[in-house]
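Hi there,

Here is the structure I promised to pass on. Have a look at it first, and then read my notes below.

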Amino acid sequence: QVQVVESGGGLVQPGGSLRLSCAASGFTFSLDAMRWYRQAPGKERELVATITSVGTYRYEDSVKGRFVISRDNAKNTVYLQMNSLKPEDTAVYYCYVPGYDKWGQGTQVTVSS
């Protein structure tokens, strides 16, 4: 069955960096778009970044220039490199496979001094 498992979250100071990973299985990874979402306490889940099967990408405005989404089809993994982190980036980050409507369990990112 389709599965996605996120990792790489943690506590980081403002201005710091983290790289999230999402390991996928159960489908032909190279043929599907992948997305990262996040949900902060008391807020709705929001789309952060998308990467298509051919490697094109889109970002939510607040992360443009700071976050980079990428994929390694040989490893069935999608990444989210997060730089210049701000306290408002604090959220649970989720990996999502739109072609299968499949969510991961999420990984917590906390940006605080």
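Predicted model: local features only at pLDDT ≥ 70, side-chain atom pairs only at ≥ 80, totals over all residues.

**What I found**

Ser84 is partly exposed, with a relative accessible area of 42%; on this scale buried means under 20%, exposed over 50% and partly exposed in between, using a 1.4 Å probe and protein chains only. Residues are numbered from 1 along each chain as its sequence is written, and side-chain values use heavy atoms, with hydrogens and water left out.

**Two backbone spots**

Back to Ser84: this residue is not a glycine, yet its phi is positive, at about 50 degrees. Ser84 sits in the loop between S8 and S9, where helices (H or I, at least four residues) and strands (E, at least two) are DSSP runs numbered from the N terminus. Asn76 is another non-glycine residue with a positive phi, near 50 degrees. Its place is the loop between S7 and S8, and Asn76 is partly exposed, with a relative accessible area of 26%.

**The core**

The largest nonpolar core has 29 residues, and Met34, Trp36, Val78, Leu80, Met82 and Tyr93 touch the most other members. By nonpolar core I mean a set of buried Ala, Val, Leu, Ile, Met, Phe, Trp, Tyr and Cys residues joined through side-chain atoms within 4.5 Å. The elements that give two or more residues to this core are strands S3 (18-25), S4 (34-39), S5 (46-51), S7 (67-72), S8 (77-82), S9 (91-97) and S11 (107-111).

Ser21 lies in strand S3 and is buried, with a relative accessible area of 16%.

**The disulfide**

How many disulfides does a search of the whole structure find? The search finds one, a disulfide being a pair of cysteine sulfur atoms within 2.5 Å. Cys22 and Cys95 form it, with their sulfur atoms 2.1 Å apart. Since Cys22 lies in strand S3 and Cys95 in strand S9, the pair ties together parts that are 73 residues apart in sequence. The link is left-handed, with -80 degrees about the S-S bond, and both Cys22 and Cys95 are buried.

**Aromatic rings and charges**

Seven aromatic pairs turn up in a search of the whole structure. Rings of Phe, Tyr and Trp (its six-membered ring) pair if their centres lie within 6.5 Å; planes under 30 degrees apart count as stacked, over 60 as edge-to-face and the rest as tilted. One of the pairs is Tyr37 with Tyr96, which is edge-to-face at 5.7 Å centre to centre and 90 degrees between the planes. This pair links distant parts of the chain, with Tyr37 in strand S4 and Tyr96 in strand S9, 59 residues apart. Tyr37 is buried, with a relative accessible area of 13%, and Tyr96 is buried at 10%.

The rings of Tyr96 and Trp103 have their centres 4.3 Å apart and their planes at 35 degrees, so this pair is tilted. Trp103 is partly exposed, with a relative accessible area of 29%. Ring pairs link Tyr37, Tyr94, Tyr96 and Trp103 into a cluster.

Two arginines lie over ring faces: Arg45 over Trp103, at 4.5 Å from the ring centre, and Arg71 over Phe29, at 4.4 Å. The test asks for NZ of Lys or CZ of Arg within 6 Å of the ring centre and within 35 degrees of the ring normal.

S1 and S3 pair in the antiparallel sense over five bridges, where pairing requires at least two DSSP bridges between the strands. Gln3 stands opposite Ser25 in S3.

Best wishes
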